[in-house]
Amino acid sequence: MPDIHAVVQEIAAEMAQRPDRGEVAHYIPELARVDPHQFGLAVIGADGQAAVGGDADVPFSIQSISKVFTLTLALGMVGDRLWSRVGREPSGNPFNSIVQLERERGVPRNPFINAGAIAVTDVIAAGHQPRESLGEILRFMQSLAGDATVAIDGAVAASEKRTGHRNTALANYMKSFGVIEGPVDYTLGVYFHHCAIAMTCRQLATAGRYLAFGGRDPATGYSVVPSERAKRINALMLTCGHYDGSGEFAYRVGLPGKSGVGGGILAVAPGRASIAVWAPGLDAAGNSHLGRIALERLAKRMGWSIFGD
């Protein structure tokens with residue numbers, strides 16, 4: 001087996017030399033200011049040791065990666081009843097599409113597109129004030145990361161709220177079909193803020209370890225979710241985690257993963273490692289351009305693709 005520390009350092013050095021970096025998310029003003037030349041990679045195995053490269057300890061806005069953790073929370077609250085509010089199929093459309101939502105009578109295709117994640121957030125927020133729901137999400141993330149400094153970037157959250165007209169339209173449309181049950185403003189407030197959580201690659205890879213090891217933290221043995229649920233979440237990450245680029249990611253990388261328009265990707269090598277990569281420049285589908293390339297190289301060099309060496 002290749003030395004993971006050496007492989008991570010090699011990949012970070014290779015990414016630093018590439019001129020093709022994609023485009024930052026200009027439609028969210030705070031994200032438009034991020035330096036596209038940054039790159040971070042962290043890999044954490046069962047022993048808890050981290051192999052890191054580049055800007056692995058620089059916080060960034062995790063954006064839609066937070067949807068993995070809100071899905072985990074919502075399933076813990078209502079179990080499979082969640083699937084009456086949101087589907088489990090790839091969308092094949094942009095992450096903020098409203099056309100598909102209209103055709104399917106307000107039920108989002110999956111929990112990782114924006115409409116689906118808003119519906120999941122509504123489940124978490126039911127019967128609570130927004131501050132309480134957001135606090136629960138943030139404490140969950142801090143607990144998984146083992147780091148109480150994980151926090152929400154208030155400037156990013158405010159920026160998303162100011163420019164989130166499409167998300168507001170999606171939420172109101174779902175409300176008209178009863179898919180959103182709570183006040184739209186409350187649900188959106190929680191949604192914008194959990195997408196604005198800032199983490200480093202090291203923190204994010206730590207937080208995702210339960211998905212790589214059968215629902216448990218391998219360091220403590222603590223069960224975050226049953227192994228069957230971890231398997232199902234990983235399946236959704238593989239098929240839906242990169243929007244209409246999910247098939248390409250599965251084809252090239254061969255690992256369950258979830259991207260965010262902040263340029264981060266959380267990926268899982270089942271039974272081996274949790275991986276977080278960050279490169280702010282995006283491809284046409286809204287996924288990290290260099291992040292995908294780095295993960296493709298990592299999976300190949302380590303033999304980690306779930307489809308075989």
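Leaving aside its neighbours within four places in sequence, which residues is Met 199 in contact with? Counting heavy atoms within 4.5 Å as contact, Met 199 meets Val 58, Pro 59, Phe 60, Ile 62, Met 141, Ala 145, Val 150, Leu 204 and Ala 207.

A quick word on the model. It is predicted, so local features need pLDDT of at least 70 and side-chain atom pairs count only at pLDDT 80 or more, while totals for chains, interfaces and linings use all residues. Residues are numbered from 1 along each chain as its sequence is written, and side-chain values use heavy atoms, leaving out hydrogens and water.

Now the core. A nonpolar core is a set of buried Ala, Val, Leu, Ile, Met, Phe, Trp, Tyr and Cys residues joined through side-chain atoms within 4.5 Å; buried means under 20% relative accessible area, with a 1.4 Å probe and protein chains only. The largest one has 49 residues, and Phe 69, Leu 82 and Met 199 touch the most other members. Helix H6, residues 130-145, gives the most to this core, with seven residues; helices here are DSSP runs of H or I, at least four residues, numbered from the N terminus. A second, separate core of 28 residues includes Ala 12, Ile 265, Ile 293 and Ala 294.

Finally, the cysteines. There are zero disulfides, meaning pairs of cysteine sulfur atoms within 2.5 Å. For Cys 195, the nearest cysteine sulfur belongs to Cys 240, 17 Å away. Cys 195 counts as buried, at 1% relative accessibility. Cys 240 is also among the buried residues of helix H12.

Definitions and conventions:
Buried < 20%, exposed > 50% of the residue type's maximum accessible area, 1.4 Å probe, protein only. Helix = DSSP H or I, 4+ residues; strand = E, 2+ residues; numbered from the N terminus.
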